[in-house]
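Work through the exercises below with the sequence and the model side by side, and try each task before reading its solution.

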Amino acid sequence: MTGAIDARLAELGIALPEAPSPAANYVPFVVTGNLVFISGQVPFLDGRLSHVGKLGDAYSVEDGRECARIVAINILAQLRAACGGDLDRVARCVKLGGFVNSTPGFTDQPKVINGASDLIVEVFGERGRHARFAVGAPALPFDAAVEIDAVFEIA
């Protein structure tokens, strides 16, 4: 039986991938009490990084938004795994933390991370509205353009 969130993802044309495996010595998520902490995700798409390089150099703000949307899809894949496959357990998105691999003069990190924030709200509606930070970084693992972590409340 398909849940409401799965139906919403289908409406949006989004098929969640299998949750990506960790790239180092950490777990992809931790459930403690009614909170799920999702480790930083990068833009894996079809098993490879889709955006490698810096915003303000290799990529535009629009490219960055698309990258952040891909990262949000990976966050949702991890969240689905943390919820035992049932995304209807999500009570709300509490917080997203966004890191943007960017040149020194690039200052549109919030616009880039909106790609993830907008998707979370599209999927969960009001339950998707969240606190957030969006900062520039001189480098990210694998030279990924964006990395985002997340905290969700579950029932």
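A residue counts as buried under 20% relative accessible area, as exposed over 50%, and as partly exposed in between (1.4 Å probe, protein chains only). This is a predicted model, in which local features need pLDDT of at least 70 and side-chain atom pairs count only at pLDDT 80 or more, while totals for chains, interfaces and linings use all residues. Residues are numbered from 1 along each chain as its sequence is written, and side-chain values use heavy atoms, with hydrogens and water left out.

**Exercise 1.** Determine how many disulfides the structure holds.

*Solution.* Begin with the criterion, a pair of cysteine sulfur atoms within 2.5 Å; by that criterion the structure holds zero disulfides. For Cys-83, the nearest cysteine sulfur is that of Cys-93, 12 Å away. Then turn to accessibility: Cys-83 is buried, with a relative accessibility of 3%, and Cys-93 is buried too, at 0%.

**Exercise 2.** Find the aromatic pairs and classify each by its geometry.

*Solution.* Rings of Phe, Tyr and Trp (its six-membered ring) pair if their centres lie within 6.5 Å, and planes under 30 degrees apart count as stacked, over 60 as edge-to-face and the rest as tilted. Phe-99 belongs to strand E5 (residues 90–101) and Phe-133 to strand E6 (residues 131–137), so that the pair links distant parts of the chain, 34 residues apart; helices (H or I, at least four residues) and strands (E, at least two) are DSSP runs, numbered from the N terminus. Phe-99 is partly exposed at 29%, and Phe-133 is partly exposed at 27%.

Phe-124 and Phe-152 make a tilted pair, with 6.2 Å between centres and 55° between planes. Because Phe-124 lies in helix H3 (residues 109–124) and Phe-152 in strand E7 (residues 146–154), the pair ties together parts that are 28 residues apart in sequence. Phe-124 is buried at 5%, and Phe-152 is buried at 0%.

**Exercise 3.** Describe the length and the bend of H3, and say what follows the helix.

*Solution.* With 16 residues, H3 reaches 23 Å from its first C-alpha to its last, close to the 22 Å expected at 1.5 Å a residue, where the expected span is 1.5 Å times one less than the number of residues. A kink of about 35° is centred on Gly-115, the bend being the angle between axes fitted to the seven residues ending at a residue and the seven starting there. After H3 comes Gly-125, whose phi is positive, near 65°.
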